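Here is a short briefing on a predicted model. Look over the sequence and the structure first, then read on.

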Amino acid sequence: MSEKNPGIEGGHPLTAEDIMKSREMKAGSDNYRAFVGPPKQYDFMGATQLALLSSLGLREENTLLDFGCGSLRAGRFLIHYLLPDRYCGIDPNKWLIDQAFEQEIGQDVIQIKRPRFDYNAEFKMDVFGHPFDFIVAQSVFTHTGSDLFKTGISSARYALAEDGQFLFTVLTEGSTNFGKYPSGYEQKGWKYPGSVVFDNQLIVETCDENGLAVQLLPWFHPRQNWYRAVKNTDLLLDDPENAFRNGQVHFDPRFT
């Protein structure tokens, strides 16, 4: 992993013009906004994760692990939302996190919110010394062979609280442009910037082998599918298709 400094105009905080300029870059470019996916969708892909998590009961006092946090596309919302010491992120590319704080979020936030980060590339999620109420892994398993996918699911099992929720995305048969990607079942290792697909059966079987019950969620994603895995089967949604249609908040007694 190389250290990079791909700020649009160097290391200073970005202007609105800088950000609009970054949207014209190609996904995967050596810019912290573009490296993690289509830069035109950088704002949406962060905001939609906060919306999904909050609808499933995430509150400011909960602990959350942002696995594959990258340039804090979702983290910049979640760090502000959660109480101090509640947000943790894992990503092997430290430069992405550093650039996000330097150019958009601000160093003062580190002192106020005290987020913690780990930079391991071995898919180890149990490195912070406590279980998490929520783990989110957006567009991580779209770039793994079956070996790393299984490692990631197993790792989440040990890092997840007994009543925790694990949200992750995968390219499956129903995903946009499904036919253009190779099967992850036949791949090994990390495939970024390429992508792979998994069939639903492998996802269900891998989760089941690790004591996790999993459901496909109807939450919108422009390219992938959202899945939700839990240890406690009482937390499964009775009707995922209708669970989010009226803005109902789930698993929080203050709103039931």
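How many disulfides does the count come to? The count comes to zero. The points below start with the cysteines and then turn to the backbone.

**Cysteines**
- C69 is in no disulfide.
- For C69, the nearest cysteine sulfur is that of C88, 10.0 Å away.
- Is C69 buried or exposed? C69 is buried, because its relative accessible area is 5% and the cut-off for buried is under 20%.
- C207 is also a cysteine that counts as buried, with a relative accessibility of 0%.

**A cis peptide bond**
- The peptide bond from Y192 to P193 is cis. Its omega is near 5 degrees.
- Where is P193? P193 lies in the loop between β5 (160-170) and α7 (200-209).

- D85 is a residue other than glycine, yet its phi is positive, near 75 degrees.
- D85 sits in the loop between α3 (75-81) and β2 (87-90).
- The relative accessible area of D85 is 39%, so D85 is partly exposed.
- F251 is not a glycine either, and its phi is positive at about 65 degrees.
- The place of F251 is the segment after α8 (240-243).
- F251 counts as partly exposed because its relative accessibility is 33%. Partly exposed covers values between the buried limit of 20% and the exposed limit of 50%.

How values were computed
Residues are numbered from 1 along each chain as its sequence is written. This is a predicted model: local features need pLDDT of at least 70, side-chain atom pairs count only at pLDDT 80 or more; totals for chains, interfaces and linings use all residues. Side-chain values use heavy atoms; hydrogens and water are left out. Helices (H or I, at least four residues) and strands (E, at least two) are DSSP runs, numbered from the N terminus. Buried means under 20% relative accessible area, exposed over 50%, partly exposed in between (1.4 Å probe, protein chains only). A disulfide is a pair of cysteine sulfur atoms within 2.5 Å.
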